[in-house]
Amino acid sequence: MNVLRLYQNAYRSRPLIIHAVETGLIMASADMVSQIIVEARTFDSLDSGRALRFGGIGLLVVAPARVGWYRFLEKKLPGCSTSTVLQKLALDQACFAPCLVLAIVSSVSYTSGMQTDQIIDKLHSSFKDIMLNNWKVWPCVQLCNFYLVPAHLRMTTVQIVAFIWNIYLSWKANVNKSDL
């Protein structure tokens, strides 16, 4: 049996475990890339704890939410007709995306030691910008994903784009107003 078939079978039988591990690794890696490329840190000044926290948020928050969301969408809106795909896309971008961004930014802020009022300030200063940029990327990705990709591989498609997106998201969630 080849590696791709093993991966597909594992994803079908244990999607939460596979997706959680992938998401954690991708988000931790994206945070490291964000620190090196976007924030121009040297290897000596990398915050490995930050990368581990971001990966942990992927493992414990993002992956379970995404797995549940995709199951919900497939149950409520099965298939990939044009009408169904557009409904999935609208729900994904109007309901799930804002909640996920809110959860990620809040989790990053909380795990980095911010107090409630600081977390609220962080959300006020970054949420709108993140969502506007989200809507420049994800509708096209999800339109293709819902229309062309079999349901059991949709999270894999998201993971490919999410690596680049998470570089941006990590920077945005970790940057302070004074750093801009």
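Predicted model: local features only at pLDDT ≥ 70, side-chain atom pairs only at ≥ 80, totals over all residues.
Residues are numbered from 1 along each chain as its sequence is written, and side-chain values use heavy atoms, with hydrogens and water left out. For the protein chain, the mean pLDDT is 93, with 97% of residues at 70 or more.

Now, how do α1 and α2 pack? Helix α1 (residues 3-13) meets helix α2 (residues 15-38) at about 115°, and their axes are 5 Å apart. The axes are lines fitted to C-alpha atoms, for helices over the stretch in contact, and angles run from 0 to 180 degrees between N-to-C directions. Angles of 65 to 115 degrees count as roughly perpendicular, so that's what we call α1 and α2. On the α1 side, the contact (heavy atoms within 4.5 Å) uses Y7, A10, Y11, R12 and S13; α2 brings P15, I18, H19 and E22.

On to the holes. A cavity, on a 1 Å grid over the protein atoms alone, is a set of points where a 1.4 Å probe fits but cannot get out; lining residues have an atom within 4 Å of a point. Grid points are joined across faces, edges and corners, and volume is the space filled by probe spheres set on the points. We get 2 cavities of 30 Å³ or more.

The largest cavity is about 250 Å³. Its lining has 18 residues, with R66, F96, L100, N134 and W138 nearest the centre. Two or more lining residues come from each of α3 (48-76), α4, α5 (116-148) and α6 (154-174), and α4 gives the largest share, 7 residues.

What about the second largest cavity's volume? About 40 Å³. R50, R53, F54, I57, V108, T111, S112 and N174 line that second cavity. Here α3 and α4 each give two or more residues, and the largest share, 4 residues, is from α3.

Notes
Parallel < 35°, antiparallel > 145°, perpendicular 65-115°, else oblique. pLDDT = per-residue confidence, 0-100. 1 Å grid on protein atoms, 1.4 Å probe; cavity = no way out; pocket = protein on both sides within 12 Å on 5 of 7 lines; lining within 4 Å.
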